[in-house]
Every structure is written in structure tokens, then in C-alpha cells.
Amino acid sequence: MTTATPVSLNEAVLNEALSGLTATPKTLSPWLFYDERGSQLFEAITELPEYYLTRTERALFATHADDILREFLTPGAPSTQVFRTPDPFTIAELGAGTATKTGLLLAAATRLQPNVLYQPIDVSASALEAAENLAATLPGLNVQPQVANYVTDPYTLRHPANAAHSNGNGNSNGNGNGHHPGAPSSTTVSSSSKVGSKGPMGPTHTDPTPRARILALYIGSSIGNFSPEDASSILRRLRSHLQPGDALLLGADLSPSSHKSVSTILAAYDDAAGVTAAFNLNILARLNRDLDADFNLDAFIHRARWNANESRIEMHLESLIPQTVHIAGQRIPFAQFETIHTESSYKFTDEALTHLLTRAGFTPTRTFHDPTRSFALTLAHTL
Ligand code: AVJ
């Protein structure tokens, strides 16, 4: 339940600030954005007219929740078939936060299977409380949160017990309420059950033993904050927790195209109301608060740039004047126009996503796009 690093949070903030600000060029890591104030500002960003990412991804869940689950459980099955599954399954989520978008998928999951385990993983315990409240609104959903940083801490993904097996008639019998997916079910079905090769479960489901599986969610374009190398290692690490038949749903923001201009993307990181500027500057306010640093917030300005070579938005804080800042007895000199690089948000082509997933040991099976091809939810199986 705790992070693996013994250092206190403030010590981690100090280490990050000193190493980033004494480097050339100066950087600060995006995790520093998310203190209490920063988390509030990020929530406000997701509601901005310019910030299309959250709203677009939510719409994809609203439209395709059933399609996503069908494709996960029965790859290639036609969407016209009535869809029920007797197999208990887990939905795990890296960086779940408050899990507002995930609610749409969880609601669909509990409609087709009374035995769903939801495992949100997040570094913020308070965010996980909100995720846990989903359990209250969705009967039959078992929530097992884990406080962990999925980049640096160990985490576990649990398969529900394979023995648990309802009668395949879906959730109408109500036996799922409060049922623990990890516990064996009282109803078992013989190996001659209809869950075979011809039924609505599709041709791939030939094993007479129900298989409890994991669908891992890594959504919200969180992957975009990491360099290609780090993104690969996060996905490879996730892959090592999964078995054949499990799958990953990756949510990623897409590169500029004929459907989507660079200026649309830039506006999402430089909104008219200045909320993103406040979010970016809050990183300096945080260093003042937590480390007693003396940044003059009026002497820095928010900058968002499109880096075409790297296919990423970069956020910087630019020093308007030559100045010296003090942190924990250290002098940090700034030249006029010098910047601190605070965040990269990578944007992906479908090909880049396929490449990234394939290198990490996943096989993309289906991608869900919004009509403007701004955002992608890619379902990838493990083989
Ligand atoms: C939370 C990483 C997906 O990169 O779009 C929003 C963070 N930064 N506005 C993103 C963010 C500036 C966001 N992610």
C-alpha cells in the first residue's frame, strides 16, 4: 500500500527540483504538477473547450463500451450477436485517478457479467477513494484499489479464480451482488457446456474451462507523458503481468493529420482562459510551498510548442528576465528567455501505436477512433 521508495515526498520533490534545475537544458518532471492545487487545475483543464482529449475519449467509451468488451472477450465476434459471457474477468487500470471515464466501461461490464473485479492502481489514495465509490453505484462490481506508482513501484494484477462460473445467462439472476470474483462460485458448469466453438462466444473460445481474464486499461493519453523508451518499458512491464488471452486498452492522443491541425492540438495546451498556464506555473508555486523556494511567478511565462520532429507538445516555463532563484540554499541562475521544460505530450499515428505495442509484446486487434480521428482507443491482445 505504500511506495517502494523510502524517501519522503518532500525529499523526492527536492531531489527532482535540484537535479532538473541544475541540468542543461533545465527540466522538471510532470509528476510535480499533481499536488492538491495542480490536481484541481488538471480537472479544470479536462473541462476546457480547447482540451478535446478527455471529452473525446469519454465519447468513445459511451459509444463503444460494449464493442470494447466483446472484442476483448471474443475477438472477431460480429457485433450483431447477443453478447453474454460466463467468464469472470478483471478490469485493471494504471493511473486510474478518479476513474470517471472508466465508469462507462464498468457499467457495461457489470451488465454482461455479474462477476467483475475492478483493480484501479494510482499513486493518489484520495483519487482511489473516488474510484472506490464506483462500487457503490454498480452492484456486482468488486473494487480492489492499489496505491502504487506504476512506473516505479511493484504492483499486482489479479485474475479472478478460474473456477468461478455462472450459467451464462448473463446477469438476470442477480447472483453477482456482493459476490467476490476471487472466490469460487457455487454454480459450476460441466465441460460439455454450450460455451463452445459455435455459440455467441465466438470461434476462439473453444476451451471448455472458463478462463478468467484481465483487461488492463491505460487510458487518458497518460502514455504520452513518457519518452518512447520509457513508454516501451511501462508497457513491457505491464505485459509481464499478463497472460495469453488478457488484453490492453490503450488511450492515446493522435498526431496532426488532414483531420486534425497542429493549431487544434496547440490550443489544448494554451487555452484562452489561461488554466493551462496556471497549471504549468503551479509547479513553481509548489516548489515555493514545499521547498521554501523563492520563484517570482510573475517573472516566468507559460509556453506551449509543437515539436514536429518528436511529434510532441512541449510545455515550458520561460524566464522573462535574467534572475537567480534559491532552493534549499542552492542558487539557480536563469538567463533571459531560458526555459524549464516541464512536460512533453507525445502524439501518435496509428502506425506508431502499433509499433509501440508490438515491441512490448502486444498484438493490436482493433482501434476505436472518434469521427475526427483525434483520439484512439487501441485494444491489443497478448498472444
Ligand atoms: C494527463 C498527461 C494526459 O498531456 O494532455 C494537460 C496533462 N498537460 N494539459 C496531457 C496535461 C497539460 C495531460 N495528461
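Helices, of at least four residues, and strands, of at least two, are here taken as DSSP runs and numbered from the N terminus. In this predicted model, the protein has nine helices and 14 strands counted in that way.

The protein has 383 residues, and 52% of them count as buried. Its accessible surface comes to about 16700 Å², with 54% of that area belonging to carbon and sulfur atoms. If we take the contacts between residues at least 6 apart in sequence, 70% of them join residues at least 24 apart.

On the side of α2, the contact is made by Arg 37, Gly 38, Leu 41, Phe 42, Ala 44 and Ile 45, while α8 contributes Val 275, Thr 276, Ala 278, Phe 279, Asn 282 and Arg 289. Sorted by class, the residues in this contact of α2 with α8 are seven nonpolar, three polar and two charged.

From the helices we can move on to a sheet. Strands of a sheet pair through backbone hydrogen bonds, and they may do so either parallel or antiparallel. The sheet considered here is open, with four strands in the order β1-β12-β9-β8 and mixed pairing. Its edge strands are β1 (26-27) and β8 (300-307), each of which pairs on one side only. Strand β1 runs parallel to β12 (residues 339-346) and is joined to it by two bridges, and Thr 27 stands opposite His 341 in β12.

Note on methods. Residues are numbered from 1 along each chain as its sequence is written. This is a predicted model: local features need pLDDT of at least 70, side-chain atom pairs count only at pLDDT 80 or more; totals for chains, interfaces and linings use all residues. Side-chain values use heavy atoms; hydrogens and water are left out. Contact means heavy atoms within 4.5 Å. Ala, Val, Leu, Ile, Met, Phe, Trp, Tyr, Cys and Pro count as nonpolar, Asp, Glu, Lys and Arg as charged, and the others, Gly among them, as polar. Two strands pair if DSSP finds at least two bridges between them. Buried means under 20% relative accessible area, exposed over 50%, partly exposed in between (1.4 Å probe, protein chains only). Accessible areas come from the Shrake-Rupley method with a 1.4 Å probe; for residues, only the protein chains shown count as cover.
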